[in-house]
Amino acid sequence: MTLHLLALLADPQLPKSAPSDSFWLPVDASVTTRNIDWVWDFLIWMSVLTALAIVVAMFHFVTKYRAKSRAANEHAEPSSEHNTALEIAWSVLPLFVVIALFVWGFKGFVDLRTPPKEAMELRANAQKWKWTFDYKCARGGLTDDTLHVPFDRPVRMVISSVDVLHALYIPSFRTKMDAVPGRYTDLWFQATKAGEYPIFCAEYCGTSHSDMLSRVVVHPPGEYETWLKGACEKADSLVGPERGKKLYTQQGCDTCHTLDGTPKIGPTWKGLWGKSESFADGSSHAVDENYIRESILDPSAKVVKGFAPSMPTYKGKLSDKDIDGLIEYIKTLQ
Ligand SMILES: [Cu+2]
């Protein structure tokens, strides 16, 4: 960290070598982290030095001017009123420090908010309580609950939410952005180290907020394309219950529906197929293909008794093949 500080003096814009793991910060793995870690280190060391200076001066004065006796105390000399040179110095010096901090901070902020034009785009979707990421395949697309990115290529994430406010937070890239229902937001990064780093939701979004975890996998040079091709082929080839089983976790159905008979946010899927479901309005209906399809595309059409209508619609997110797969999967859960 000290080296880091020295490098700051040499080149305030971009240090030559990014720091690795430190006591304060998680490993940094994006080009955008550098400006941020600088300012952070600078601030913390400035604060430590200032605090030390104040405390040392305080002890010094406390001992130096300690009253020798009660009588001496009563006849204490008045102190001088002010010292112009000293007062100007302690106002102007910090002013320069604060201006420097502003310039570095502002530059870092602008860099962080301006994705390079050639950045590749990926979609991040937030829902209670899961992140999903969309990838473009040669044919159609792929949704996964892990973020996969190539090494050393700028990536712009386009973020949205289907329900409430969430925030995509990738500490190792030092970047964070709100996911807002009905609006797109974005952030960008360029990974500098292959590996896996955690992703959090940084906006309190309800019961399972703290479980809204994912990870970003930075593929070593050249391996991202291989991964994408394989994952696309696999996603496309799965049919029937296998496809449904995959979607159950990939699409986040598992955040609200269990397979073991216990209700969660939504009813369990165990024993769902073929039973007669009762609804909040007093009616009932047999659970068949059409009922499940409707529950997925238009969840509030029939609200199951005892549950809040909190399921998001999957219209436009799931294909017919996906819905077939989910129906087939639910059939197997007796
Ligand atoms: Cu969240």
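# Copper site, loops and a helix pair

Visitor: Between which strands is the loop in which His 209 lies?

Guide: This is a predicted model, in which local features need pLDDT of at least 70, side-chain atom pairs count only at pLDDT 80 or more, and totals for chains, interfaces and linings use all residues. Residues are numbered from 1 along each chain as its sequence is written, and side-chain values use heavy atoms, with hydrogens and water left out. Helices (H or I, at least four residues) and strands (E, at least two) are DSSP runs, numbered from the N terminus. The loop with His 209 runs between strand 9 (195–201) and strand 10 (214–219).

Visitor: Does His 209 count as buried or exposed?

Guide: Buried means under 20% relative accessible area, exposed over 50%, and partly exposed in between (1.4 Å probe, protein chains only). His 209 has 17% relative accessibility, so it counts as buried.

Visitor: Which residue is joined to Lys 128 by a cis peptide bond?

Guide: Beyond its neighbours within four places in sequence, His 209 is in contact (heavy atoms within 4.5 Å) with Trp 129, Cys 201, Ala 202, Glu 203 and Tyr 204. Of these, Trp 129 has its place in the loop between strand 1 (120–127) and strand 2 (130–136). With omega at about -5 degrees, a cis peptide bond connects Lys 128 to Trp 129.

Visitor: Which residues coordinate the copper ion?

Guide: Donors are N, O and S atoms within 2.8 Å of the metal (3.2 Å for Na, K and Ca), and sites may look incomplete because water is not among the atoms. The donor residues of the copper ion follow the spacing H-x34-C-x3-C-x6-M in sequence. At 2.0 to 2.6 Å, the copper ion is coordinated by His 166 (ND1), Cys 201 (SG), Cys 205 (SG) and Met 212 (SD).

Visitor: What is the geometry of the site of the copper ion?

Guide: Four donors count as tetrahedral if all angles lie between 85 and 135 degrees. The angles among the four donor atoms of the copper ion are 91 to 124 degrees, and the site is tetrahedral.

Visitor: Why do helix 6 and helix 8 count as roughly perpendicular to each other?

Guide: Axes are lines fitted to C-alpha atoms, for helices over the stretch in contact, and angles run from 0 to 180 degrees between N-to-C directions. Helix 6 (residues 240–250) and helix 8 (residues 320–332) pack with axes 6 Å apart, at an angle of about 95 degrees. Angles under 35 degrees count as roughly parallel, over 145 as roughly antiparallel, 65 to 115 as roughly perpendicular and the rest as oblique. Helix 6 and helix 8 are therefore roughly perpendicular.

Visitor: How far apart in space are Leu 259 and Trp 269, C-alpha to C-alpha?

Guide: Leu 259 is in the loop between helix 6 and strand 11 (276–278), and at 30% relative accessibility it counts as partly exposed. Not counting residues up to four places away in sequence, Leu 259 touches several residues, including Tyr 248, Trp 269 and Tyr 329. Though 10 residues apart in sequence, the C-alpha atoms of Leu 259 and Trp 269 have a spacing of 5.3 Å.

Visitor: What is phi of Asp 152?

Guide: Asp 152 sits in the loop between strand 4 (147–150) and strand 5 (154–161). Its relative accessible area is 42%, so Asp 152 is partly exposed. Asp 152 is not a glycine, yet phi is positive, about 60 degrees.

Definitions and conventions: Four donors count as tetrahedral if all angles lie between 85 and 135 degrees; four count as square planar and six as octahedral if opposite donors are over 155 degrees apart and all others between 65 and 115; anything else is irregular.
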